[in-house]
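Please look at the structure first.

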Amino acid sequence: MYVLLVSVDRPFSVSVMRANISCPPYRVSQVIITRDDVLEALSRIVDECTIIVGHSLCSDFDALGITHARVIDTAALYPHNRGWPFKRALKVLALECLCKEVQCGDLGHSPVADALVAFELALVFIMAPEEWRASLLPQFWSTPTTALDD
């Protein structure tokens, strides 16, 4: 697991950041780790065989400007019933699939707790019967259209 506050090149809202990760203002001003520092550190612990598990990882990957071939993203495993670009919240998935509450209270959420829940959701999906996994797909994904039948 890799959890750090990283300085960014573009302006951001400290209030949004604090709401999302429970970060006090004094910590935001102390951030000295850059995107390049993160990329260098990740290159030491992640190679082409590493499997990265998380929820809605595309935002993190976009922010870092990276791609990776071996990703298990619970946002993709448990699709929203309205299809892309909608995503089911990790908080909702944890409650519905694991009967666990995460990201509750005024303190925001813990990236460690979020990572553990995403890992558990991935395991549940992988170990589940094929019929159950297929039932997660939105109706328009699992039903072929006339154009595909031709």
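This is a predicted model: local features need pLDDT of at least 70, side-chain atom pairs count only at pLDDT 80 or more; totals for chains, interfaces and linings use all residues.

Q: Is Cys99 buried or exposed?
A: Buried means under 20% relative accessible area, exposed over 50%, and partly exposed in between (1.4 Å probe, protein chains only). Cys99 has 67% relative accessibility, so Cys99 counts as exposed.

Q: Where is Cys99, and what is its phi?
A: Helices (H or I, at least four residues) and strands (E, at least two) are DSSP runs, numbered from the N terminus. Cys99 is in the loop between helix 6 and helix 7 (111–127). Cys99 is not a glycine, yet its phi is positive, near 55 degrees.

Q: Which phi does Ser56 have, and is Ser56 buried or exposed?
A: Ser56 lies in the loop between strand 1 (52–54) and helix 4 (57–64). Its phi is positive, about 55 degrees, although Ser56 is not a glycine. The relative accessible area of Ser56 is 16%, so Ser56 is buried.

Q: What is the omega of the peptide bond from Trp84 to Pro85?
A: Pro85 sits in the loop between helix 5 (74–77) and helix 6 (90–98). The bond from Trp84 to Pro85 is cis, with omega near 10 degrees.

Q: How many aromatic pairs are there, and what is the geometry of Tyr78 and Phe125?
A: Rings of Phe, Tyr and Trp (its six-membered ring) pair if their centres lie within 6.5 Å; planes under 30 degrees apart count as stacked, over 60 as edge-to-face and the rest as tilted. The count is two aromatic pairs. For Tyr78 and Phe125, the centres are 5.7 Å apart and the planes at 70 degrees, so this pair is edge-to-face.

Q: Which parts of the chain does the pair of Tyr78 and Trp132 tie together?
A: Tyr78 and Trp132 form an edge-to-face pair, 6.2 Å centre to centre with 70 degrees between the planes. Tyr78 lies in the loop between helix 5 and helix 6, so the pair ties that loop to Trp132 in helix 8 (residues 130–135), 54 residues apart in sequence.

Q: Which ring does the charged end of Arg82 sit over?
A: A charge sits over a ring if NZ of Lys or CZ of Arg is within 6 Å of the ring centre and within 35 degrees of the ring normal. At 4.0 Å from the ring centre, the charged end of Arg82 sits over Phe86.

Methods: Residues are numbered from 1 along each chain as its sequence is written. Side-chain values use heavy atoms; hydrogens and water are left out.
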